[in-house]
Amino acid sequence: MKTETLKTIMGYIAGLIFGLGLAVSGMTDPARVLGFLDVAGAWDPTLMFVLGGAVITNFIGYRLVLRRPNPVFGERFQLPTRQDLDARLIGGSALFGIGWGLSGYCPGPAFASIAGLTGPLLAMLVTMVVGWFLARAIPARG
Amino acid sequence: MDWSSSLQGLAGGILIGLSATWLMATLGRIAGISGIIGTLITARPEGDSAWRLAFLLGLVSGPVLLLLAGSGLGDSTFSLGNVAGAPGEVIGEPAGGVPLMLVAGLLVGLGTGLGSGCTSGHGVCGLSRLSVRSMVATLTFLVAAIITVFVVRHVIGGGA
């Protein structure tokens, strides 16, 4: 089988497991996400377990995988190298947080919920893509 | 405390972590949703789009698979899916109407674009790498989201 085909299959498997994980954990429900963010209300700890489980698993996983010289179907591991903290990172993350708090959707659950598409979700997906184009149009300084 | 939802959260989190490890092991890529899908749509990089599109299809089919498995098993012994209002269901309802979601989407797209990542890229993958940028980003969007929910639910008090 061609490497390109295998890479595509690997990408599909990664997405499938990710989508399953979001669905099993309840993250495809904005009410559960907002319940976690609502620390002054009836707090729902589920998201803490999701993020904790994912980070611990992947922390161990990365340590095992990154010992290898290269990925199975790629030339090199493509890891971010930047270390600096800039306004783009912090300001962007703050804007994202406001949008996340308004809707209960971050990008993963929003796209993973397409099978249950509603008008409001479609509206959000469209402007999310518009936002991505806008962010590309704003040049990074320095 | 609702332990069953916490356990399901942990199980789902482990799956998400395995997915991130899998993508690094096979393709050498960070499993950041805003990066994978955002780059696919806005840049369509040649020779680098097929796996992104496949990832997106997989992401969408994950919950569908769980829906099918759930309907096969019935809702008797254990429930697949963890929707707050209806345990055992898989996909929840949006929290607001079209106008609110238009604004939220723009903020999420622009914010994750400028900030180079979202809950998965910075949260899951960045924290696993002990990246300082990702720790700052994750703390920032968590605090911003918590303040937003506080203002919407308790200051304005609409009970979103």
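This is a predicted model: local features need pLDDT of at least 70, side-chain atom pairs count only at pLDDT 80 or more; totals for chains, interfaces and linings use all residues.
Me: Which residues of chain B does the UniProt annotation "transmembrane region" cover?
Reply: Residues are numbered from 1 along each chain as its sequence is written, while chains are lettered from A and ligands numbered from 1 in the order in which they are written. UniProt positions follow the numbering used here, feature names are shortened, and annotations may be inferred rather than shown by experiment. The unreviewed entry lists residues 20–41, 53–74, 94–114 and 135–156.

Me: How far apart are the end C-alpha atoms of residues 135–156 of chain B?
Reply: Helices (H or I, at least four residues) and strands (E, at least two) are DSSP runs, numbered from the N terminus. Residues 20–41 of chain B are 77% helix and 0% strand, with ends 21 Å apart. Residues 135–156 are 95% helix and 0% strand, and their end C-alpha atoms are separated by 30 Å.

Me: At what angle do the axes of α3(A) and α5(B) cross?
Reply: Axes are lines fitted to C-alpha atoms, for helices over the stretch in contact, and angles run from 0 to 180 degrees between N-to-C directions. The axes of α3 (residues 46–65) of chain A and α5 (residues 119–128) of chain B come within 8 Å and cross at roughly 40 degrees.

Me: Why is α3(A) described as oblique to α5(B)?
Reply: Angles under 35 degrees count as roughly parallel, over 145 as roughly antiparallel, 65 to 115 as roughly perpendicular and the rest as oblique. The crossing angle is roughly 40 degrees, which makes the pair oblique.

Me: How many nonpolar, polar and charged residues make the contact of α3(A) with α5(B)?
Reply: Two residues are in contact if their C-beta atoms, placed from the backbone, lie within 7 Å. Those of α3(A) include A:Leu51 and A:Tyr62, and those of α5(B) include B:Gly123 and B:Ser128. Ala, Val, Leu, Ile, Met, Phe, Trp, Tyr, Cys and Pro count as nonpolar, Asp, Glu, Lys and Arg as charged, and the others, Gly among them, as polar. The contact has eight nonpolar, three polar and no charged residues.

Me: Which helix supplies the largest share of the side of chain A that touches chain B?
Reply: In total, 108 residues of chain A are in contact with 107 residues of chain B. Helices α1 (3–25), α2 (30–37), α3, α4 (87–103), α5 (107–112) and α6 (119–137) of chain A each supply at least two residues of that side. The largest share, 19 residues, comes from α1(A).
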